[in-house]
Each structure stands twice: as structure tokens, then as C-alpha cells.
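Subject: Handover of a structure model and findings

Dear colleague,

Please find below the structure that I am handing over to you. I would be grateful if you could read the notes that follow with the model open beside them.

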Amino acid sequence: MRERVDRATDFLVERGFDGAEIGIVLGSGLGPLADAVEIEREVANREIPDFPESTVKGHEGRFIVGRLGGRRVLVLKGRLHGYEGYDLALTALPIRIMARLGIHTLVITNGAGGIDLDFRPGDVMLIEDHLNLQGRSPLTGPNVEEWGPRFPDMTAVYDADLRRLALEVARARGIALRRGIYASVPGPQYETPAEIRMLRSLGAQAVGMSSVPEAIVARHMGVRVLGLSVITNAAAGVTGATLNHDEVVAAGQAAGEEVSGLVAEIVSRMEAPAR
Ligand code: HPA
């Protein structure tokens, strides 16, 4: 894994992808956020040596470097998921690469099902903590000491200062940001109503199939994390409606404009962390 990360990082440094402060992972349908970025350089993931190609509709795989809210950002458009058959360590490869390219902060976005009965499609939830229900860890396997410790702390995955900033920016923009716990499940099937009741009893407000492996790897490497979920649908059994991927992607897109404005302003106002 280490050689793979090094090769990809060297390739991207040669192409001028270094020097970004903040990384952003775009969730399904949140491609519009990339349109808000003044793109300096762009590369298809398949051009990066050994990079696994994303196979999901609505997840076009690209790395972008450019400016957003006056800051230099690295954007991953098209994340990798465990359900595509990749090892979780591999799904987090782009995060390792972004950390090696020098980001100090990672903004993770995703589309998620709303478990909380008060949530509505189009709502945005600030992730306060997570449940890793993937059944595995992206840190499985030999630890690379230069990257981080064998047993990293997960007491404060989602940075308190960044959460305060997100709430402040949202309030000023008239966005009623929801808050809650994001449960990450393997997928690719959506949940059953019984599973949603279980997740609710475990304390989750939203459910999705990504993000948590990325957050774990970012924390492993000492990168600060901010997580935002776009509630694309009521989770299974909440309204009785059936779920389908196209509707989930469309709902993400509908919220894209609002979320991209929110993220751009949060990014512009982020302070670099004291290291
Ligand atoms: N369940 C799991 N993942 C999801 C959902 C959902 O309801 N909506 C968007 N991603």
C-alpha cells in the first residue's frame, strides 16, 4: 500500500497537485460543488499509476486541484466504495494520497438516508460522530509508522472547531444544519426497515455506505475532518416509499448548489490548525 501511495503521490506532485491545504471528497450527486472550484489542474483517476477505477454511476473519478473560497483545494470527485469489491484500505487510498500531498483538513461529503424522523430530503447534516459498521477497518494490515500510530485515537474524529465554524456559516446563510451520528454500512443493497430501526436504536441519525473509512484514515494521518451528509431520502421504512439510486443521486444534485455555497464559505474561513 505504501509503494502504491508513494507512486501516485509522486505522479501528482510532478503534475503540480501539491501545495493544497484542504481536501474535499464529493459524495454522489455533489459534483456541482466541483463547478464552484476554479480548476487549475485535473486528472482522471485512471491516469494515476495503479489507481483503482470507480465503478459507480454518478461517481466519475477525478482529482482536481484549484481554488475555492480563496484557498487551494484538492478535490476528489468520485470516491471508491467497499461494495465495489475493494479492500477498505484501498477505498481510502485517495485520502492517503491527499494527506501525503500536504492537506491539513479534509471535508467529506456524502449522500445519506435520513433515519431521524425529523429529517427531510434536502436537509444537510453535520456529522458529529460515526458508527463504523463496515465490519472491517481501513487500517487492517501492517501499520506504516510514518503515516500514523497502530492504535489511533478516535475520540474526536470530527473536529470541534470546524463543526462550530460550519454551524456559524450555515446559520448566517439561513441553512438549518442538522446534526447527528452517521452510520456507515457496507451496502450495496439499501437497508431493510428492521435494519433502520436497529440503527436508530444504536443512536444513528443518518446512514450511508462510505465516508467512515476515509475519516478513519485521515485521523490516522493527523488530518482534521469535517463531515457533511446531504439527506437524499428517508431511510427504508420511514415513509414506506421504496429507494432507488437514481432518485438518491437526483436529490444530492438538487441540494448541490446550497451545499457547494456552504462548503465554499466554510473553506474560505477555515484557520490552519496549530501543529
Ligand atoms: N442508505 C444507505 N446509503 C444511502 C442511502 C440510504 O438510505 N441514501 C443515500 N445513501
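This is a predicted model: local features need pLDDT of at least 70, side-chain atom pairs count only at pLDDT 80 or more; totals for chains, interfaces and linings use all residues.

Pockets

Strand 5 contributes the most, namely four residues. In terms of residue class, the lining of the largest pocket contains twelve polar, ten nonpolar and two charged residues.

For the second largest pocket, the volume is about 240 Å³. It is lined by 13 residues, with Asp159, Asp161, Arg224, Glu271 and Pro273 the closest to its centre. Helix 5 (residues 160-172) provides the largest share of this lining, with three residues. Here the classes divide into six charged, five nonpolar and two polar residues.

Cavity

How many cavities of 30 Å³ or more does the structure hold? There is one. The volume of the largest cavity is about 60 Å³. The residues around the largest cavity are Arg79, Leu80, His81, Gly82, Leu88, Thr91, Gln134, Met209, Ser210, Ser211, Pro213 and Glu214. Helix 3 (88-91) and helix 7 (212-220) each give at least two residues to the lining of the largest cavity. By class, that lining holds six polar, four nonpolar and two charged residues.

Helix contacts

Two helix pairs are described here. In one of them, helix 1 (residues 2-14) and helix 4 (residues 93-100) have axes that come within 9 Å and cross at roughly 55°. Helix 1 and helix 4 are therefore oblique to each other, and their crossing is right-handed. On the side of helix 1, the contact involves Arg4, Val5, Asp6, Ala8, Thr9 and Leu12, which meet Leu93, Arg96, Ile97 and Arg100 of helix 4. This contact comprises five nonpolar, four charged and one polar residue.

The other pair is helix 5 and helix 9 (residues 256-269), whose axes come within 10 Å and cross at roughly 125°. At that angle, helix 5 is oblique to helix 9. The crossing of helix 5 and helix 9 is right-handed. Helix 5 takes part through Leu165, Ala166, Glu168, Val169 and Ala170, and helix 9 through Leu262, Glu265, Ile266 and Arg269. The classes in this contact are six nonpolar and three charged residues, with no polar residue. Helix 5 is also the element that gives the largest share of the lining of the second largest pocket.

Backbone

Most peptide bonds are trans, and most residues other than glycine have a negative phi. Two places in the model may be read against that background. Gly187 and Pro188 are joined by a cis peptide bond, with omega about 0°. Pro188 is located in the loop between strand 7 (178-184) and helix 6 (193-201). Asp50, a residue other than glycine, has a positive phi, near 65°. The position of Asp50 is in the loop between strand 2 (38-44) and strand 3 (62-68).

With kind regards

Methods. Residues are numbered from 1 along each chain as its sequence is written. Side-chain values use heavy atoms; hydrogens and water are left out. Ala, Val, Leu, Ile, Met, Phe, Trp, Tyr, Cys and Pro count as nonpolar, Asp, Glu, Lys and Arg as charged, and the others, Gly among them, as polar. On a 1 Å grid over the protein atoms alone, a cavity is a set of points where a 1.4 Å probe fits but cannot get out, and a pocket is an open set with protein on both sides within 12 Å along at least five of seven lines; lining residues have an atom within 4 Å of a point. Grid points are joined across faces, edges and corners, and a volume is the space filled by probe spheres set on the points. Axes are lines fitted to C-alpha atoms, for helices over the stretch in contact, and angles run from 0 to 180 degrees between N-to-C directions. Angles under 35 degrees count as roughly parallel, over 145 as roughly antiparallel, 65 to 115 as roughly perpendicular and the rest as oblique. A crossing is left-handed if the near helix is turned anticlockwise from the far one by less than a right angle, and right-handed if clockwise. Contact means heavy atoms within 4.5 Å.
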